[in-house]
Amino acid sequence: MPTESFAGRPFGLNIALNYRDGRGNQFSEAVFNETVQITEVDEGLDGETFFLYVFLAAIVILLLVLGQQFLGSYGKRKRPTAARKVVETGTASTKDVDYEWIPQQTLKQLQNSPKGAPKSSPKQSPRQRKAKAGVQ
């Protein structure tokens with residue numbers, strides 16, 4: 001049985017018969033002298049081909065996953081992100097406020113102050129401040 005590395009190649013095969021006769025004379029004759037072709041056995045799917053297909057399938061799956069990741073991240077970058085402004089609502093209702101930690105004196109002052117009174121330092125733009133300063 002030849003090894004697999006010899007499969008598919010032609011070889012010269014020479015079978016020689018060496019013998020002696022009764023008087024002790026030696027003779028050599030070629031019984032078979034031809035070229036033989038060693039053929040590969042086709043048994044369907046061998047291990048090497050199977051693992052080649054498994055390896056190729058793994059590469060295809062890896063490329064698909066990488067492509068999906070790339071396209072997913074590319075799609076997220078394209079969309080403009082709308083910056084939402086956070087509006088501070090404060091305490092719209094007094095039900096959610098805990099007044100226990102505030103001193104009683106401060107609470108009385110808050111209750112006595114008028115709600116419609118102007119604040120002591122109104123916010124003004126620098127242009128308005130300049131105009132006011134120039135009038136005085």
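Pro10 is exposed, with a relative accessible area of 53%. The structure is a predicted model, and within this model Pro10 belongs to strand S1. Because exposed means over 50% relative accessible area, the value of 53% places Pro10 in that class.

When residues up to four places away in sequence are not counted, Pro10 touches Thr35, Val36 and Gln37. Of these residues, Thr35 is 25 residues from Pro10 along the chain, and the C-alpha atoms of Pro10 and Thr35 are separated by 6.5 Å.

## The protein as a whole

The protein contains three helices and two strands. Read from the N terminus, the order of the elements is β-β-α-α-α.

The protein has 136 residues, and buried residues account for 1% of them. Its accessible surface amounts to about 14000 Å², and carbon and sulfur atoms contribute 57% of that surface. Among contacts with a separation of 6 or more, 33% are between residues 24 or more positions apart.

## The hairpin of S1 and S2

Strand S1 covers residues 10-20 and strand S2 covers residues 26-37; the two run antiparallel and are joined by 11 bridges. Together S1 and S2 form a hairpin, with five residues between the strands. In the turn, Gly24 has a positive phi of about 100°.

One of the paired positions involves Asn14, whose bridge partner in S2 is Asn33. Strand S2 is hardly covered, since the count of buried residues among its 12 residues is zero.

## Ser28 in strand S2

Ser28 is part of strand S2. With a relative accessible area of 54%, Ser28 is exposed, because a value over 50% falls in the exposed class.

Apart from neighbours within four places in sequence, the residues in contact with Ser28 are Ala16, Leu17 and Asn18. Leu17 lies 11 residues from Ser28 along the chain, and a distance of 5.5 Å separates the C-alpha atoms of Ser28 and Leu17.

In an unreviewed entry, UniProt lists residues 50-71 as "transmembrane region". In the model, the span of residues 50-71 is 100% helix and 0% strand, and its end C-alpha atoms lie 32 Å apart.

Helix H1 comprises residues 47-78, and Phe55 lies in this helix. Phe55 is exposed, with a relative accessible area of 52%.

## A nonpolar surface patch

Phe55 is also one of the residues of a nonpolar patch on the surface. The patch is formed by Leu45, Phe50, Phe51, Leu52, Tyr53, Val54, Phe55, Leu56, Ile59, Leu62, Leu63 and Leu66. Together these residues have about 1200 Å² of accessible area. Residues with over 30% relative accessible area can be part of such a patch, and Phe55 has a value of 52%.

Terms used
Residues are numbered from 1 along each chain as its sequence is written. This is a predicted model: local features need pLDDT of at least 70, side-chain atom pairs count only at pLDDT 80 or more; totals for chains, interfaces and linings use all residues. Side-chain values use heavy atoms; hydrogens and water are left out. Helices (H or I, at least four residues) and strands (E, at least two) are DSSP runs, numbered from the N terminus. Buried means under 20% relative accessible area, exposed over 50%, partly exposed in between (1.4 Å probe, protein chains only). Contact means heavy atoms within 4.5 Å. Accessible areas come from the Shrake-Rupley method with a 1.4 Å probe; for residues, only the protein chains shown count as cover. Two strands pair if DSSP finds at least two bridges between them. UniProt positions are given in the numbering used here, feature names are shortened, and annotations may be inferred rather than shown by experiment. Patches are made of residues with over 30% relative accessible area and no salt bridge: like charges are joined within 9 Å, nonpolar side chains (Val, Leu, Ile, Met, Phe, Trp, Tyr) within 5 Å. A salt bridge is a side-chain nitrogen of Lys or Arg within 4 Å of a carboxyl oxygen of Asp or Glu.
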